[in-house]
Structures are given as C-alpha cells and as structure tokens.
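Walk through this structure one contact at a time. Keep the sequence and the 3D view side by side.

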Amino acid sequence: MNAEKQAGEKLRKLLKENDLTQEEFAELFGIDVRTCNRLINEGITNVATLEELAIFFNIQIKDFFE
C-alpha cells in the first residue's frame, strides 16, 4: 500500500474511532462529502491536508503512516 492510500485508510479508522460519519466529518472539517470520500478511497496527497487532519484529530502526521 502506498503512503497516500495508507493515510486515507488511517482517516477511515480515525472516523470510526471518533464515531463520525463521513457526512459529519465533512461538515466539521469544512469539506464536501465527496472530498472526504476521495481522501479515504484515493488517498491523501496534499501535505497541508495532512497537517490540518493531524490538528483536527490531535495526532502527529507520522501517525498516518504507522
């Protein structure tokens, strides 16, 4: 699995751990549901997005790749 897809899979796990649906997360994070779905399924390629997600979930960027 490449790093982008690994980060997307971690986002999926974070949503589950925080009892958030994609719709709820999208609204809280200020993105469209389709964008959320794309981040999960196609992976996260943008470093700025990773930084924002890390802040949102109170984790470090490296946690997306463990």
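## Helix packing and aromatic rings

Phe25, Leu28 and Phe29 of H2 meet Glu52, Leu53, Phe56 and Phe57 of H4. The model is predicted. By class, the residues of this contact comprise six nonpolar, no polar and one charged. How do the two helices lie? Two packed helices are described by the angle between their axes and the distance between the axes. For H2 and H4 the angle is about 105 degrees, and the axes are 12 Å apart. The two helices are therefore roughly perpendicular to each other, because angles of 65 to 115 degrees fall in that class.

Now turn to the other helix pair. The axes of helix H1 (residues 3-17) and helix H3 (residues 33-42) come within 6 Å and cross at roughly 120 degrees. That makes H1 oblique to H3. From H1, the contact takes in Lys5, Gly8, Glu9, Leu11, Arg12 and Leu15. From H3, it takes in Cys36, Leu39, Ile40, Asn41 and Glu42. Sorted by class, the residues of this contact are five nonpolar, two polar and four charged.

The largest nonpolar core has 17 residues. Which of them touch the most other members? They are Leu11, Leu15, Phe25, Ile44, Leu53, Phe57 and Phe64. Four elements, H1, helix H2 (22-29), H3 and H4, each give two or more residues to this core. Leu11 and Leu15 belong to the H1 side of the contact with H3. Phe25 sits on the H2 side of the contact with H4, and Leu53 and Phe57 sit on the H4 side.

Phe64 deserves a separate look. Setting aside residues up to four places away in sequence, Phe64 touches Gln6, Ala7, Lys10, Leu11, Leu14, Leu50, Leu53, Ala54 and Ile59. Ile59 lies in the segment after H4. At 21% relative accessibility, Ile59 counts as partly exposed, because buried means under 20%. Beyond its neighbours within four places in sequence, Ile59 is in contact with Leu14, Ala54 and Phe64. Ile59 and Phe29 are 30 residues apart in sequence, and their C-alpha atoms are 15 Å apart in space.

Go back to the rings. The structure holds five aromatic pairs. One of them joins Phe25 and Phe29, with ring centres 5.0 Å apart and planes at 20 degrees, so the pair is stacked. The cut-off for stacked is planes under 30 degrees apart. Phe25 and Phe29 are four residues apart in helix H2, so about one helical turn separates them. Are these two residues buried or exposed? Phe25 is buried, with a relative accessible area of 0%. Phe29 also counts as buried, at 16% relative accessibility.

Another pair joins Phe56 and Phe57. Their ring centres are 4.9 Å apart and their planes stand at 80 degrees, so this pair is edge-to-face. Phe57 is buried, at a relative accessible area of 11%. Phe56 is partly exposed, with a relative accessible area of 32%. Ring pairs link Phe25, Phe29, Phe56 and Phe57 into a cluster.

Stay with Phe56. Phe56 is found in helix H4 (residues 47-57). Which residues does Phe56 touch, not counting those up to four places away in sequence? They are Leu20, Phe25, Leu28 and Phe29. Phe56 and Leu28 are 28 residues apart along the chain, and their C-alpha atoms are separated by 9.4 Å.

Finish with the backbone. Asp19 is found in the loop between H1 and H2. Phi of Asp19 is near 50 degrees, a positive value in a residue other than glycine. Asp19 is exposed, with a relative accessible area of 68%. Asn58 lies in the segment after H4. Asn58 has a positive phi of about 55 degrees, and Asn58 is not a glycine. The relative accessible area of Asn58 is 70%, so Asn58 is exposed.

Notes: Residues numbered from 1 in each chain as written. Predicted model: local features only at pLDDT ≥ 70, side-chain atom pairs only at ≥ 80, totals over all residues. Heavy atoms only, no water. Buried < 20%, exposed > 50% of the residue type's maximum accessible area, 1.4 Å probe, protein only. Contact = heavy atoms within 4.5 Å. Axes fitted to C-alpha atoms, helices over the stretch in contact; angles between N-to-C directions. Parallel < 35°, antiparallel > 145°, perpendicular 65-115°, else oblique. Nonpolar A, V, L, I, M, F, W, Y, C, P; charged D, E, K, R; others polar. Core = buried A, V, L, I, M, F, W, Y, C linked by side-chain atoms within 4.5 Å. Phe/Tyr/Trp six-rings, centres within 6.5 Å; stacked < 30°, edge-to-face > 60°.
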